[in-house]
Amino acid sequence: MAASQHLVDAHSLTVSYRVEDRWIPAVRDFRLQLAPGQIVGLVGESGSGKSTVALALMRYLSSNGRMESGGSLRFDGEDLLNKSMAEMRRLWAKRIKFVPQNAAAALNPSIKIGRQVTETLKAADGIEGPEAFERMMDMFHDVNLVDPERVAQRYPHELSGGMQQRVTIAMALISNPELLIMDEPTTGLDVTTEAVILDLLRNLIAERDTSVVYITHNLGVVAQLCERVIVLYAGEIMEEASVLDLFAHPRHPYTLGLISSVPKPGQSKGAAQLQSIAGNPPSLRRIPSGCVFAERCSLVADICRRRKPPLESLGAGRWARCHRWSEVGISPPPRSHKEAGGYPRQDPIAFSPSVSSDDRNRDGGTGWGRVKRSSETLLRATNLTKHFPVDRSLSEILGRQEPSPIRAVDGVDLRLSAGQTLGLVGESGSGKTTLARLIIGLEARSGGKLELLGMDVRDSVRDRSQDLRSKLQMIFQNPQNSLNPYLSVRQAIRRPLIKLRGFAPAAADAEALALLERVNLLAEYAERYPDELSGGEKQRVAIARAFASDPDLIVCDEPVSALDVSVQSAVLNLLAELQDNHGSAYLFISHNLSVVGYLADIIAVMYLGQLFEIGDARELFQPPCHPYTEALVSAIPVPDPLHSTERILLSDDLPSAQNLPSGCRFHTRCPRKIGAICETEEPPWRQGDAGRLIRCHIPLEELTSSQRGLRLAREAD
Amino acid sequence: MLHFLRRRFLFFFFTYLVSSLTIFFLLRILPGDPARVIAGGREATEEQVAQIRVELGLDASLPQQYLTWAADFIRGDWGDTIAFRGALNRDLIIERSVNSARLAAVALLMSAPLSLALGVIAGLFENKLPDILISLLTLSVVSLPEFVTGLFLINIVALRWGRGELAQSLGWWFPSSSAVPANASFAEMLPALWLPAFAATLVLLAYISRLTRAGVIEELKRDYVRTAALKGIPWRTVIWRHVLRNALLPTITVIAISISWLVSGLVVIEYVFGFPGLGSLLIAAIERRDLLLVQAIAMVTVTVILFANLFADAAYALLNPRVELS
Amino acid sequence: MRLIADSRHYAAFERLARSQLRHPQSAVGTLLVAVFLILALFGPQLAPHPNPNDQSHDVRRPPTLDLGRLHLGEHPFGTDRLGRDVYSRVILGAGSIFQIAGLGTLISVALGSALGLFMGYQGGWVDEIIGRIIDALLAIPALLLALVLIGIIRNLDFDAGSWQAALADNVILLVISLLYIPIVARVARSTTLDIKTREFVEAAQIRGESQPYIIFREILPSVIPSLVVEASLRFSYAIFLVASLGFLGFGARPPSPDWGLMVNENRGGFYQLTPWALEFPALAIAILVIAVNLMSDGIRRAVQKGS
């Protein structure tokens, strides 16, 4: 194949970073052949080296990085590795462009947007002045920036996240580049904004015939956007294929594991456990001499540990780095623990059924195995409200009038039965975390009533009884911060046992070990400290700590969103399993609808401090639903290239909770707005089948007839 | 931005209040009889003490005393000196302040550009040879007390090299003492100024350049610097437009804060060089137990520092678009 | 003390040691500080003439130190105009500077961090008011405040043996502690504010832990690294301040072997007669401050990397 056919042709690229006097190869033996106009996705979890690849393809490395010799990198037939900095700069100016992950950080905070964009044009084409301004206006129009003249006059911090990302995209596309390298451009954005940006990207790229390398951790985004996919793991390519082939017949155990780890919309815990991948990625300081995935692989054989598999061409444009690729996905052999080579079994092993929950129940320790699930009301919130006063600075203290407060939670009614999981979804800024903090008592409420088992619950956790505290526990989002770095795992777990359940120290130690086992961690973990644990392991310890007091309700605030996909599913399985055995209820908060859909029995949808819909989780993806829910559901990037929905795109300007819209709070963004009534009157709650409640002016029958819902998941079942 | 300035303004008044209270009450709350101290300690007669007590209004209540004292200060009635018989505190302080201000101005003019340049160079070459050399230089300078550098300048530079043949033939002049006649003009004073100003420059040099270096290094790591570099614009433009602009903004504040730093240094430097500034006056006042003069000097110093900080805040707010946020 | 001797901190200490070895200048700094510490602790044993005011020698003898032959001689740093051995006086002077600067640092770090932890954890108007007062106090230059305080306290009359007299005798120690408490408190407060919002503290609140438990068991261990950095920085400033006060005549009184005082006593016309009597104590001050700065740079580097 002649090199000229490829816009980008990279071979044997190895990139190292200098860390404390050692060169650590973060990316090894990378190859990429990209045809003009092609979109290739680069998928990997954290530490896979995908961002390094992004910058290496531009030949832009940080000062402690270097490209090892022996590789080649060609762009449009020219050797990039031998170019001078001046020549590279010319390429960066015009032909190769980069779209960064965090737009807020990637724009200079003290220079107006317009100047930052026209600066690009000057470098690319030497265009300045009114001509440059014209081009910029056209480009802003193309990326759907509302009121482009004003945007140009603004500073980055005055724009919303979605608008900032549009600006970086405009900046990259304005010079009509031949190659676009995008490093997770939608990560960190809300699912609704992500959908809008992806839609925009798809159109822009199609119009321009630009080649794109799209880096992401999100398989759904890849499925929806890319033609080819490269899967990276621990710095090496595991598999490369067209997107259809990859999702239909993965040829690498890692790819298969990844795809089956992601909960699909409509998949629920009742049907089957999620697949997951055991263990953790290897440390880059000690790269195994054999296959990098061997320690976590279900197909592992002797040869895998002895010899590094080459990146093999399987024909038809497919590549895989696996000795046993032909066996992948055909006959998944059940794998015994011994086969894992003594590797600690922290996560349920891929493709093997987990230990059945009945076994667990019998050997239960103190207070375990008592199933509490019933229909009795565990928690009832009535008109729960939290208003944050705005910036009480010295001037306000000195008697200036109070500014209007931020209405984070504004009259929420909730009922949760024992042993049930209530999923709470909404965009960032919807008030779901504040609601959780009100219930747990970390935030004092401004109004409303909260009852647990029919008893009034006081505002602050400080004023609550010991008994009540033990019944309400919490699991946090960020595993990094949820454990005290100066306390060992044992210390972290035994404390609630002593404090809340009155265990003697010796008994607490024994029980702490039992709890560790419940969360599938080996006993030797007891003496470890948080910085010796991976993210998933930390979250397991945090789960064990929450369960230590034998709680009735656990508030889970985005417990898996900081975890990698392969670890996430194992934690979700664990949560489901513990609930089965233990009967605790969950209030499960997430921005990820598929995750909530998997774990929850009931789902509540929150927007600007209010609930807009509550209903059975299984019905969430089906009409009738609130127009906001409908938009959220349609925005999910489904990890299946065959799936297609007509997306309902919401504008990305969430109104401020300090200055709420009148009438229905959603009317400013609602695609189904029916008229003036939406702006003036608060919508009524309407009751649908199976206790489903929707707060909308549109009658349910009308919603049902006009909505399509998300069909795919059902059909796939 | 207005909100920010309003807050800074309120803070300015609050700080002024707290520091003036501190200066005032240092004399009042400490054990012992302030009147006796002012009168001259143990040797003073009972009548002298009683007279001073009446003069100072020490028979009134404490808040009343503070208010009288503060009003007197604002009116410019800072009392008579005891240490320098016959002069008014105000005249003495104003004369010495002018001298000190000239010294400080020369020091700032010398050190600000130099230390900014050194800091920027060190930051751009982080952990490379220029940075290591500059860091070593600034570290040694920051480690030498002002009196050590001052004595070095007097004894080695002025007395040894300055009297050497080379310096004489070139007509260089290194004064070993910085005593200047009263009411000397700036031009007359300049020859006496420059060695102490150099010593003060060294004090600021290390401080400003280390903070500038840190600012540049931090800025260089920003995503938007990468964005700018990947726009393909020349590296020089990236540095000037995208790095230095943001890195040097905080140094406005740093330079204002360094005025407070400079004041401490000037006290020692003026003493070493025998320069007739506010700092050497302070030491003389303390040595001669002229506590009213001490109070007045402290108040003047604090006033200058607070105004410098206020101006820095205003300049920062004007130059930084992000301030509107807060 | 179990808190501070946490095994996590041992690990941090190891990291510190390793990082010091990687940066030889910090290792040299630490080593020099250790040498000065030994001088401070065993000065009277190590000095050839343990009485600082021993005037029994010939006056104005030049130094006999010969670095080339590593030979000390009778009076390595010479004798001053009163016939005192400068070498012995420099060694004996280490004691007072370490005592005052070190003790002042310890007191200010202990009280300042307690105040800062309390402010940071408590938050609200208590924090607001104390914080503003601290900011206001910090607007007054340290040396100015020190001179005024010392000037006033020195001039007060106290009965011998009363607590006020004891206070006046240790006025520099008092001043250093007072000056640095707000600075340390500010550092401790900002770190506490950062740690307080971490989820593990909220988990402790959810468990209903008492305030002292949360402050000391959950928050303090994470604040200690930044306190160590601040302490080393304070120590170098304290040495600087003690030396400057000694030089200005507000520190130790003659015939104390205080380095700053020695510099002051031998400047001006005396410098022409016995330059060594000024140069060696000045050099001692400079080397000690450089050493402490190098050490604290190393500590900061290690702590920043560790976090």
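**View 1. Contacts across the sequence of chain C.** Among the contacts in chain C of this predicted model that join residues at least 6 apart in sequence, 71% link residues at least 24 apart. Buried residues account for 53% of the 307 residues in chain C, and the C-alpha atoms of this chain fill a box of roughly 75 × 50 × 30 Å along the principal axes.

**View 2. The helices of chain C.** Chain C is built with 12 helices and 0 strands, so that its pattern, followed along the sequence, reads α-α-α-α-α-α-α-α-α-α-α-α.

**View 3. Confidence along chain C.** The pLDDT of chain C averages 85, and 93% of its residues score at least 70. Confidence in this chain is highest in helix α8 (residues 199-206), at a mean of 94, and lowest in helix α1 (residues 7-22), at a mean of 69. Over residues 1-5 of chain C the pLDDT falls below 50, and this stretch makes 5 contacts in the model beyond near neighbours in sequence.

**View 4. Where chain A touches chain C.** The contact draws 21 residues from chain A and 15 residues from chain C. On the side of chain A that touches chain C, the elements giving two or more residues are α16 (466-471), β19 (472-475), α17 (479-482) and α18 (489-501) of chain A, and α18(A) gives the most, with 4 residues. The residues on this side of chain A comprise 11 nonpolar, 6 polar and 4 charged ones. For the complex, the predictor gives an ipTM of 0.83 and a pTM of 0.84.

Methods: Residues are numbered from 1 along each chain as its sequence is written. Chains are lettered from A and ligands numbered from 1 in the order in which they are written. This is a predicted model: local features need pLDDT of at least 70, side-chain atom pairs count only at pLDDT 80 or more; totals for chains, interfaces and linings use all residues. Two residues are in contact if their C-beta atoms, placed from the backbone, lie within 7 Å. Ala, Val, Leu, Ile, Met, Phe, Trp, Tyr, Cys and Pro count as nonpolar, Asp, Glu, Lys and Arg as charged, and the others, Gly among them, as polar. pLDDT is the predictor's confidence in each residue, from 0 to 100. A residue is buried if 20 or more other C-beta atoms lie within 10 Å of its own, exposed if 12 or fewer, and partly exposed in between; C-beta atoms are placed from the backbone.
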